[in-house]
Amino acid sequence: MVGETVADRYAQVEALIGRELASDDDEHGVAAGMRRLCGAAGRALSASGAGLTVMADGGLRGVTAASDAATERLEELQLTLGEGPCIDAYGSMRPVLIPDLGDGAMARWPVYAPAVHAEGVRAVFAFPLQIGAARLGVMDVFRTEAGMLSPDELTLALTFAEVAVSTLLDGHDNTRVGVADDWLDDPLGSRAELFQAQGMVMVQLRVSLAEAMVRMRAHAYVHDLRLYDVAADVVARRLSFDTPQP
Amino acid sequence: MTTVSAQRLARVFVEIADTLVDEFDLIEFLQLLAGRTADLLDASPVGLLLADQHGRLEFMAASDENVKLLELFQVQNQEGPCLDAFRTGTPVVNADLQQAAGRWPLFAPRAVQAGFRSVHAFPLRLRAERIGAMNVFSSHVGGRLDDTDVEIVQALADVASIGLLQERAISRGERLSEQLQGALNSRIVIEQAKGAVAQSRGVSVDEAFALIRAYCRSNNLRLGEVAHTITTDLASIPDLTRP
């Protein structure tokens, strides 16, 4: 079962991640948060494992996290081979859902598909971690049995991907829903305005789109504001990030 | 209102069919569809919304896109004709906005304030699945749709759904949920590009959108491609981004 509202679903995903124990006392930071997220996603989606690759500058810089060592090898394999659902999800900026690594997949990824099939993988689901043109990476879910994700599982997987984006942007392993996410169920907050503001801040600071969202979220957090209100102020030109902040 | 002219309708379907045979930009296709539907209905603004994975109705395209209309689409995540059409799978037609404050206390007063008198909404459906809604606004009292009009507008809404599946499904064997996610994300890129141009040129986001569209037209480029370039390589299009 997935939650009724967006906030319910986020809370559900946060709780699942919170149940994952750190494997090592020394483990902390974004990497640890990502590993726990993968562990929780793998369990919640009846998968053999989940993995995550963070990419930079359009290049496949293989910063990976995974639920377990075997899945981490599967994750790295795509980067080594340069083909696979993860690479395609990143390139096409949309999910790539492969419920059966059969003939079609073998033709599409002639090296990758036989390789993971030999490892016992029968289904792969790849979800881009992105906000519009700001691309951060891809989350992969691997299963040993063929079959499509149920609609509830698909919603849950997409929610895991959204939480992964927030965690990567905020740069810490605290994956609870922060102040910056309190807009999730707000019907009057304008999502269009949020993305317009992101484009404006990108130009104001001469930074990437992803960095612009990082700055807006940080501003909302530090000043205890709603992210929507920060965005509205930017679009109305009451707030500019290129002038010193009060 | 008078029933839609058969000749004009035929021309619209031919134009749409012509777009669907080639590779196309989904947002531009939906804009074309919204624009032509608006023309058939005497220039009433028409908007298209798709549901995301959380069931939120996200704005995709309109015959006339501005901040005022975007707000009217957004508010319908709480209540309004689009939400009703999406949830029930049946059209909402000829709703008199001045009598609708009880039905939609949030939406109706805003729509009246924006100068509209009546509203219609048609579900976007694909087989058993409901994927969004088409919204039609009318600023005059005589903006009633008769039974034939309703069938025609629903047919145009159905074409929008087919377009979504058509975009890449045939060549790549993609699934509806893959298409939907891609479409929703490409719409976000357009909003990001509006913001970037608004900031670079010191104009409003509505003016920025007009500049981007004019640039696409005069250079024969697709909106999606141009929006992506603006957001990832701003310096490469000085025509759009020079102050």
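**Figure 1. Packing of helices α2 and α7 in chain A.** In this predicted model, the axes of helix α2 (residues 29-44) and helix α7 (residues 151-170) of chain A come within 11 Å and cross at roughly 175°. Axes are lines fitted to C-alpha atoms, for helices over the stretch in contact, with angles running from 0 to 180 degrees between N-to-C directions. α2(A) and α7(A) are therefore roughly antiparallel to each other; angles under 35 degrees count as roughly parallel, over 145 as roughly antiparallel, 65 to 115 as roughly perpendicular and the rest as oblique. Val30(A), Met34(A), Leu37(A), Ala40(A), Ala41(A) and Ala44(A) of α2(A) are in contact with Leu156(A), Phe160(A), Val163(A), Ala164(A), Thr167(A) and Leu168(A) of α7(A), contact meaning heavy atoms within 4.5 Å. The contact of α2(A) with α7(A) comprises 11 nonpolar residues, one polar and no charged. Here Ala, Val, Leu, Ile, Met, Phe, Trp, Tyr, Cys and Pro count as nonpolar, Asp, Glu, Lys and Arg as charged, and the others, Gly among them, as polar. Chain A has 10 helices and five strands; helices (H or I, at least four residues) and strands (E, at least two) are DSSP runs, numbered from the N terminus.

Figure 2. Within α9(B), residues 223-232, the buried positions are Leu223(B), Val226(B), Ala227(B), Ile230(B) and Thr231(B). These residues lie on the same side of α9(B), because they cover an arc of only 130° around the axis, the arc being that of the directions from the helix axis to the C-beta atoms. Buried means under 20% relative accessible area, exposed over 50%, and partly exposed in between (1.4 Å probe, protein chains only). The cover over the buried residues of α9(B) includes α8 (191-205) and α9 (209-222) of chain A, as well as α2 (26-40), α7 (176-201), α8 (205-219) and α10 (238-241) of chain B.

**Figure 3. Crossing of α7 and α9 in chain B.** The two axes come within 8 Å and cross at roughly 55°, which makes α7(B) oblique to α9(B). From α7(B), the contact involves Val189(B), Ile190(B), Gln192(B), Ala193(B), Ala196(B) and Val197(B); from α9(B), Leu223(B), Ala227(B), His228(B), Ile230(B) and Thr231(B). Eight of the residues in this contact of α7(B) with α9(B) are nonpolar, three are polar and none is charged.

**Figure 4. Surroundings of Gln196(A).** Gln196(A) lies in helix α8 of chain A and is buried, with a relative accessible area of 4%. Leaving aside neighbours within four places in sequence, Gln196(A) is in contact with Val235(A), Leu70(B), Glu191(B), Lys194(B), Gly195(B) and Val205(B). Gln196(A) and Val235(A) are 39 residues apart in sequence, with their C-alpha atoms 7.0 Å apart.

**Figure 5. Two loop residues of chain A with positive phi.** Most residues other than glycine have a negative phi. Arg206(A), not a glycine, has a positive phi of about 50°; Arg206(A) is in the loop between α8 and α9 of chain A and is exposed, at 78% relative accessibility. Asp224(A), also not a glycine, has a positive phi of about 55°. Asp224(A) lies in the loop between α9 and α10 (227-235) of chain A and is exposed, with a relative accessible area of 63%.

**Conventions.** Residues are numbered from 1 along each chain as its sequence is written, and chains are lettered from A and ligands numbered from 1 in the order in which they are written. In this predicted model, local features need pLDDT of at least 70, side-chain atom pairs count only at pLDDT 80 or more, and totals for chains, interfaces and linings use all residues, while side-chain values use heavy atoms, with hydrogens and water left out.
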